[in-house]
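Hi,

Here is the structure I promised to pass on to you.

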Amino acid sequence: EDDEDDDDTQEVVEEQYLDFVENEEGGMAGLSNLGNTCFMNSALQAMLHCRPLVGFFVDLRVRDPARAPTRHEQLQLQLARDVRVIMRKMWSGEYRACAPRAIYNDVCML
């Protein structure tokens, strides 16, 4: 049963990814160097061209947990939201470069 769930999840991720990246110009945006962020930018570029991760961020839904999130969990959720924002910009085809300032700030806060 778990294998079937994994297969279904993989199919959904593939569909979401393909729907999202159908724009021929998408994914071609660079990331602005904010001063010593070249390694972070390289990791983001690689990560945001990985099908399962793009599928995850395309479908990212933050649900209210039954308990209040800790400060660390709040920061993690904010980082996930900010990665989604920059990913959407990179894949939109509307930008030549994006500044990952919010992601940089999130990482500094973690």
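The axes of H3 and H4 cross at roughly 110 degrees and come within 9 Å. Here an axis is a line fitted to C-alpha atoms, for helices over the stretch in contact, and angles run from 0 to 180 degrees between N-to-C directions. H3 is therefore roughly perpendicular to H4 (angles of 65 to 115 degrees count as roughly perpendicular, under 35 as roughly parallel, over 145 as roughly antiparallel and the rest as oblique). On the H3 side the contact is made by Val54, Phe57 and Val58, and on the H4 side by Ala80, Val83, Arg84, Met87, Arg88 and Trp91 (contact means heavy atoms within 4.5 Å). By class, this contact has seven nonpolar, no polar and two charged residues. For the classes, Ala, Val, Leu, Ile, Met, Phe, Trp, Tyr, Cys and Pro count as nonpolar, Asp, Glu, Lys and Arg as charged, and the others, Gly among them, as polar.

Before going on, please keep in mind that this is a predicted model, where local features need pLDDT of at least 70 and side-chain atom pairs count only at pLDDT 80 or more, while totals for chains, interfaces and linings use all residues. Residues are numbered from 1 along each chain as its sequence is written, and side-chain values use heavy atoms, with hydrogens and water left out.

H4 (residues 71-92) also packs against H5 (residues 101-109), at an angle of about 160 degrees and with the axes 9 Å apart. These two helices are therefore roughly antiparallel to each other. From H4, Arg71, Leu75, Gln78, Leu79, Asp82, Val83 and Ile86 meet Ala102, Ile103, Asp106, Val107 and Met109 of H5. The class count for H4 with H5 is eight nonpolar, one polar and three charged residues.

Which of its 17 residues touch the most other members? They are Met87 and Met90. H3 (51-58) and H4 are the elements that give two or more residues to this core, and H4 gives the most, with seven.

Cys98 lies in strand S2 (residues 97-98) and is buried, with a relative accessible area of 3% (buried means under 20%, exposed over 50%, partly exposed in between, with a 1.4 Å probe and protein chains only). Leaving out residues up to four places away in sequence, Cys98 touches Ala29, Gly30, Leu31, Ser32, Ile86, Lys89 and Met90. Between Cys98 and Ala29 there are 6.8 Å in space, C-alpha to C-alpha, although they are 69 residues apart in sequence.

Now the loop between strand S1 (30-31) and helix H2 (38-47), where Asn36 is found. Asn36 is exposed, at 76% relative accessible area, and its phi is near 70 degrees, a positive value in a residue other than glycine. Thr37 sits in the loop between S1 and H2 too, but Thr37 is buried, at 2%. Beyond its neighbours within four places in sequence, Thr37 is in contact with Ser32 and Tyr104.

As for the whole chain, five helices and two strands run α-β-α-α-α-β-α from the N terminus on. They are DSSP runs numbered from the N terminus (helices H or I, at least four residues; strands E, at least two). Of the 110 residues, 28% are buried.

Best wishes

Notes
A nonpolar core is a set of buried Ala, Val, Leu, Ile, Met, Phe, Trp, Tyr and Cys residues joined through side-chain atoms within 4.5 Å.
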